[in-house]
Amino acid sequence: MKWKQQIFGMKAYQPGKPMEEVKKEFGLDEVVKLASNENPYGFSPKVKAFLNNENTNHAIYPDGYAQNLRTAVANHLGVKETELLFGNGSDDIIAIITRALLYPGVNTVMATPSFSQYSHNAEIEGAEVRKVPLKDGKHDLKAMLEAIDENTSVVWVCNPNNPTGTIVHHHELQTFLQNVPQDVLVVLDEAYFEYVDSPDYQNSIPFIHEYPNIIILRTFSKAYGLASFRVGYAIANEEVIAKLDPVRAPFNNTILSHKVAIVALEDQEFIRSCKEKNENGKKQFVRFCEKHHFHYYPSQTNFILFEVKADSDVVFNEMMKRGFIIRSGNALEAPGYIRVTIGTEEQNEKFLSLLEEVLTEQGVFA
Ligand SMILES: *Cc1c(COP(=O)(O)O)cnc(C)c1O
């Protein structure tokens, strides 16, 4: 068949072993997944109450314009309804942006390591991918600017960055946006927006009027705890949204996902309390790293990337045998490191004590 050249040799996203499989393979009663940065506290109790009582008619198509959710998000953010685009997760919006702007002959600039879907989608479209190494775990915006030329269509800024958890400071972002050519779309992926606690990070939404070439991505998958419902959204200038909208599949959320996201948005107290617990959980990891003199990246998210002074894949496997699924740094261009989602206090404590056991076995503390 006449496949696109670029999909030869391409691998599907590796989601990691399903929890049920890990349980069976290692004879475990309980497995804790700290690999995909989901909310360890699940979702708002208000969502739970709603789900217990709802009776959606799933036989009919959802509202493709997501009117009710659109109104709720627009009110919540203080933006116009026409400044929003909804996706089947922000992954969907990444694909929409890529499909609308990338093709053979143009290039796209991104940091490395960063979120893998930017390059994955760009490669499918046959665009040239320009990866600019992080500097001390942070986006090197100066080098990214230098990588932009007249054939650049899209620049990706993952803020906070996955897998390092680091942020681009507001003033650095402003300088960057002032210098990016007006005809290059800058994607600000803010999947972890709700977790950020730094005064150097400010709401980027006012930028959409100042810079008509930016688009902000947010999601209900992380802090809101609704990863399985697949709702992400983009905020941008009306003209950008209007250009992207025809590229979107017509019914890219479900009726239930629209309803659930609205309920979740109403419970900001849940988000606030998760953020607070996450801050405390982060401190457990930081204390561990400092005790053992392991390098770690200062995280503004619900995960942390840190050094283990051992083979990351071995640590990944040993922790899996003990009931914890994490991400090996080898899969994230960070060999010798692991990326761990910050869990509940109890999960973190158990995880860190088992990690100490594994690293002792590996001779790290000898
Ligand atoms: C998890 C994640 C996403 C994707 O989230 P969905 O909305 O579930 O598709 C996007 N960007 C980054 C950086 C992420 O970590």
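**Salt bridges, strands and surface patches in a predicted model**

Let me begin with glutamate 356, which at 23% relative accessibility counts as partly exposed; here buried means under 20% relative accessible area, exposed over 50%, and partly exposed in between, with a 1.4 Å probe and protein chains only. What we are looking at is a predicted model, in which local features need pLDDT of at least 70 and side-chain atom pairs count only at pLDDT 80 or more, while totals for chains, interfaces and linings use all residues. Residues are numbered from 1 along each chain as its sequence is written, and side-chain values use heavy atoms, with hydrogens and water left out.

The side chain of glutamate 356 meets that of lysine 291 in a salt bridge, at 2.9 Å from N to O, where the term stands for a side-chain nitrogen of Lys or Arg within 4 Å of a carboxyl oxygen of Asp or Glu. This pair links distant parts of the chain, since glutamate 356 sits in helix α13 (residues 345-361) and lysine 291 in helix α11 (residues 268-292), 65 residues apart. Helices (H or I, at least four residues) and strands (E, at least two) are DSSP runs, numbered from the N terminus. Lysine 291, at 55% relative accessibility, counts as exposed.

How many salt bridges does the structure hold? The structure holds 19 salt bridges, and a network of them links Glu318, Lys321, Arg322, Glu357 and Glu361. Another salt bridge joins glutamate 172 and lysine 138, at 3.8 Å from N to O. Glutamate 172 lies in helix α7 (residues 170-179) and lysine 138 in the loop between β4 (128-133) and α6 (141-147), so this pair ties together parts that are 34 residues apart in sequence. Glutamate 172 is partly exposed at 29%, and lysine 138 is partly exposed at 25%. Glutamate 38 also forms a salt bridge, with lysine 33, the closest N and O atoms being 2.9 Å apart.

Turning to the strands, is β5 (residues 152-158) largely enclosed or left open? In strand β5, 7 of the 7 residues are buried, so the strand is largely enclosed by the rest of the structure. Strand β3 (residues 107-112) pairs with β5 in the parallel sense over 3 bridges, pairing being assigned if DSSP finds at least two bridges between two strands, and threonine 108 stands opposite valine 154 in β5. Strand β6 (residues 185-189) runs parallel to β5 and is joined to it by 5 bridges, with cysteine 158 opposite aspartate 189 in β6.

Elsewhere, 3 strands form an open sheet in the order β9-β12-β11, with antiparallel pairing. Here β9 (303-307) and β11 (327-328) stand at the edges, each with a single partner strand, so one side of each is left without a neighbour in the sheet. Strand β12 (residues 337-341) pairs with β11 over 2 bridges in the antiparallel sense, and isoleucine 338 in β12 is the bridge partner of serine 328.

Finally, the surface. Met1, Trp3, Ile7 and Phe8 form a nonpolar patch with about 530 Å² of accessible area together, the areas coming from the Shrake-Rupley method with a 1.4 Å probe, and for residues only the protein chains shown count as cover. Patches are made of residues with over 30% relative accessible area and no salt bridge, like charges being joined within 9 Å and nonpolar side chains (Val, Leu, Ile, Met, Phe, Trp, Tyr) within 5 Å. Tryptophan 3 is found in the segment before α1.
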